[in-house]
Amino acid sequence: MTSPLLPWLTTLIAAAVFTVMLSLGLMIGREQVTAVRERPLALAAALFAVLVPVPAAAVLLVKLAGLKGVAAAGILLMAISPGAPIALRRAIEAGGSRAFAPALHVVVVALAIVSVPASVAILDAIYQKNFAVSPMDVGRQVFFAQLLPLAIGAAIRAWRPALAARLEPRLARLSGALLLALAVALLVVLWPLMAQIGWAPFMAGIGLTVCALAVGAAVVARDVQVRPAVAVATAMRNPGLALLIAAVNKMPAGVVAAVFGYALGLALVVALFVVWQGRRAR
């Protein structure tokens, strides 16, 4: 997997994720804490939907479809990696509560420090591959990639709300441009490997995301205000965590392409869901 794009691709990823989370942090205030306190049952149902059905469905899919090797690994790693940086933005775009959605995202990301190593241990017990990842590895990744920029943004809003209001739309546009550039760069770098492993991760991303959206909406069906946010949070998976697990366990480069293939299928379905929600709202 050699390319002239690789020397600066890591920098682009870090810049895109940090900008996304900083812009979202500018929207976080006291109302997020209040939203969680007012809906403890919705939060519990959302966390169950995020952490349990998608990994279980992925294991079932891999077994029933007879998938093996890097394709199966990429699908399973994505399924156990919740809390994608772009998830909060997509949840809000889908009509999710601007109070509940950020609070749910922070809780999901924080719980990933425990849930991801536990999920890896469960997969290791199922497949007996001797894979592992420590809470410290996961905690370091989610802190610097998500929690730190969120906290910086929230601090700016608390101390300089007028500045936060001016910065947020500008950073949102910048983060959108960075994410588009990142997607193009990754496609250029990983396309040869994606062509080798086939369409299984992409199709799995589509199928599991559709199921996850349905499950997320179902667990809070009576709470219309938070339903879009929970649906998107359930569906969105974090490629950064999936690739961290792959790197710690020295998995082959094809796993990276499989993770990206899943992410493409996921992004397609969530984008269509956001458009559909927008039309329903109008």
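**Figure 1. Lining of the largest cavity in the predicted model.** Helix H6 (87-93), H7 and helix H11 (227-235) each supply at least two residues of the lining of this cavity. H7 gives the most, with 4 residues. The volume of the largest cavity is about 90 Å³. Its lining is made up of 13 residues, and those closest to the centre are Ala87, Leu88, His105, Ala229 and Ala233. Sorted by class, the lining has 11 nonpolar residues, 2 polar residues and no charged ones. When the whole structure is searched, 1 cavity of 30 Å³ or more is found.

**Figure 2. Packing of helix H7 against helix H8.** H7 covers residues 100-127 and H8 covers residues 135-159. The two helices pack at an angle of about 170°, and their axes are 8 Å apart. H7 and H8 are therefore roughly antiparallel to each other, since angles over 145 degrees are counted that way. On the H7 side, the residues in the contact are His105, Val106, Val109, Ala112, Ile113, Val116 and Pro117. On the H8 side, they are Pro135, Val138, Gly139, Val142, Gln146, Leu147 and Leu150. The contact of H7 with H8 has 11 nonpolar and 3 polar residues, and no charged residues. His105 of H7 takes part in this contact, and His105 is also among the residues closest to the centre of the largest cavity.

**Figure 3. Packing of helix H3 against helix H4.** H3 and H4 pack at an angle of about 20°, with 4 Å between their axes. That angle makes H3 roughly parallel to H4, because angles under 35 degrees count as roughly parallel. H3 contributes Phe48, Ala49, Val50 and Leu51 to the contact, while H4 contributes Pro53, Val54 and Pro55. By class, the contact of H3 with H4 has 7 nonpolar residues, with no polar and no charged ones.

**Figure 4. The second largest pocket.** This pocket has a volume of about 410 Å³. Of the 21 residues that line it, Ala73, Leu76, Tyr127, Lys129 and Phe131 are the closest to its centre. Helix H4 (53-65), helix H5 (69-79) and H7 each supply at least two residues of the lining. The largest share, 6 residues, comes from H5. The lining residues of the second largest pocket divide into 15 nonpolar, 2 polar and 4 charged. H7 supplies residues to the lining of this pocket and also to that of the largest cavity.

**Figure 5. A salt bridge between aspartate 223 and arginine 39.** The structure holds 4 salt bridges, and this view shows the one formed by aspartate 223 with arginine 39. The closest N and O atoms of the pair are 2.7 Å apart. Aspartate 223 lies in the loop between helix H10 (200-219) and H11. Arginine 39 lies in the loop between helix H2 (30-38) and helix H3 (40-51). The pair links distant parts of the chain, as the two residues are 184 residues apart.

How values were computed
Residues are numbered from 1 along each chain as its sequence is written. This is a predicted model: local features need pLDDT of at least 70, side-chain atom pairs count only at pLDDT 80 or more; totals for chains, interfaces and linings use all residues. Side-chain values use heavy atoms; hydrogens and water are left out. Axes are lines fitted to C-alpha atoms, for helices over the stretch in contact, and angles run from 0 to 180 degrees between N-to-C directions. Angles under 35 degrees count as roughly parallel, over 145 as roughly antiparallel, 65 to 115 as roughly perpendicular and the rest as oblique. Contact means heavy atoms within 4.5 Å. Ala, Val, Leu, Ile, Met, Phe, Trp, Tyr, Cys and Pro count as nonpolar, Asp, Glu, Lys and Arg as charged, and the others, Gly among them, as polar. On a 1 Å grid over the protein atoms alone, a cavity is a set of points where a 1.4 Å probe fits but cannot get out, and a pocket is an open set with protein on both sides within 12 Å along at least five of seven lines; lining residues have an atom within 4 Å of a point. Grid points are joined across faces, edges and corners, and a volume is the space filled by probe spheres set on the points. A salt bridge is a side-chain nitrogen of Lys or Arg within 4 Å of a carboxyl oxygen of Asp or Glu.
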